[in-house]
Amino acid sequence: AIKLFGELVAKYGYVSEGESFTIGDPNEVWVLELIGKGKFETGAIWVAVRIPDGHVSGHANQARIQRFPLNDPENCVYADDVISFAIKVGLWSA
């Protein structure tokens, strides 16, 4: 489901200041956060993290994913351009 989200927003774009989705099945739950690229280009920036077994996640009016591992694809996936886009629009400096 997360891969499909990524494919669809890359192709059709996404207009929002940010959204959070909970995606789950009987075996696992993920939190997916995404934000449209706005005036810069079509698409969206997104990150999804797996909620560890035995844990819960609350949703509020603020991003939950503020830091994420770049090398743990079993528990965290993200848009291919999440870092390069942030650098490009001046939101992060490597």
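Reply: Helix H1 is followed by Gly13, whose phi is positive, near 90°; helices (H or I, at least four residues) and strands (E, at least two) are DSSP runs numbered from the N terminus. Please keep in mind that this is a predicted model, in which local features need pLDDT of at least 70, side-chain atom pairs count only at pLDDT 80 or more, and totals for chains, interfaces and linings use all residues. Residues are numbered from 1 along each chain as its sequence is written, and side-chain values use heavy atoms, with hydrogens and water left out.

Me: Ok, which residues of H1 are buried?

Reply: In H1, Ile2, Gly6 and Val9 are buried, where buried means under 20% relative accessible area, exposed over 50% and partly exposed in between, with a 1.4 Å probe and protein chains only. Seen down the axis of H1, these buried residues fall within an arc of 75°, so they line one face of the helix; the arc is that of the directions from the helix axis to the C-beta atoms.

Me: And what covers them?

Reply: The cover over the buried residues of H1 includes strand S1 (19-24), strand S2 (29-36), strand S3 (44-50) and strand S4 (76-78). The face of H1 turned away from the buried side carries the exposed residues Lys3, Lys11 and Tyr12.

Me: What is Val9 in contact with, leaving aside its neighbours within four places in sequence?

Reply: Val9 is in contact (heavy atoms within 4.5 Å) with Tyr14, Leu34, Gly43, Ala44 and Trp46. Val9 counts as buried because its relative accessibility is 8%, and its C-alpha atom is separated by 9.9 Å from that of Ile35, 26 residues apart along the chain.

Me: Changing topic, how many aromatic pairs does the structure hold?

Reply: The structure holds 2 aromatic pairs, counted when ring centres of Phe, Tyr and Trp (its six-membered ring) lie within 6.5 Å, with planes under 30 degrees apart taken as stacked, over 60 as edge-to-face and the rest as tilted. Phe5 and Phe21 form a tilted pair, 5.1 Å centre to centre with 45° between the planes, and this pair links distant parts of the chain, with Phe5 in helix H1 and Phe21 in strand S1, 16 residues apart. Phe5 is partly exposed at 28% relative accessible area, and Phe21 counts as partly exposed at 26%. The rings of Phe68 and Tyr78 have their centres 5.4 Å apart and their planes at 50°, so that pair is tilted.

Me: Where are Phe68 and Tyr78 in the chain?

Reply: Phe68 is in the loop between S3 and S4 and Tyr78 in strand S4, 10 residues apart, so to speak of a pair that links distant parts of the chain is how the record of positions has it.

Me: Is Glu33 buried or exposed?

Reply: Glu33 is buried, with a relative accessible area of 10%, whereas Arg64 counts as partly exposed at 28%.
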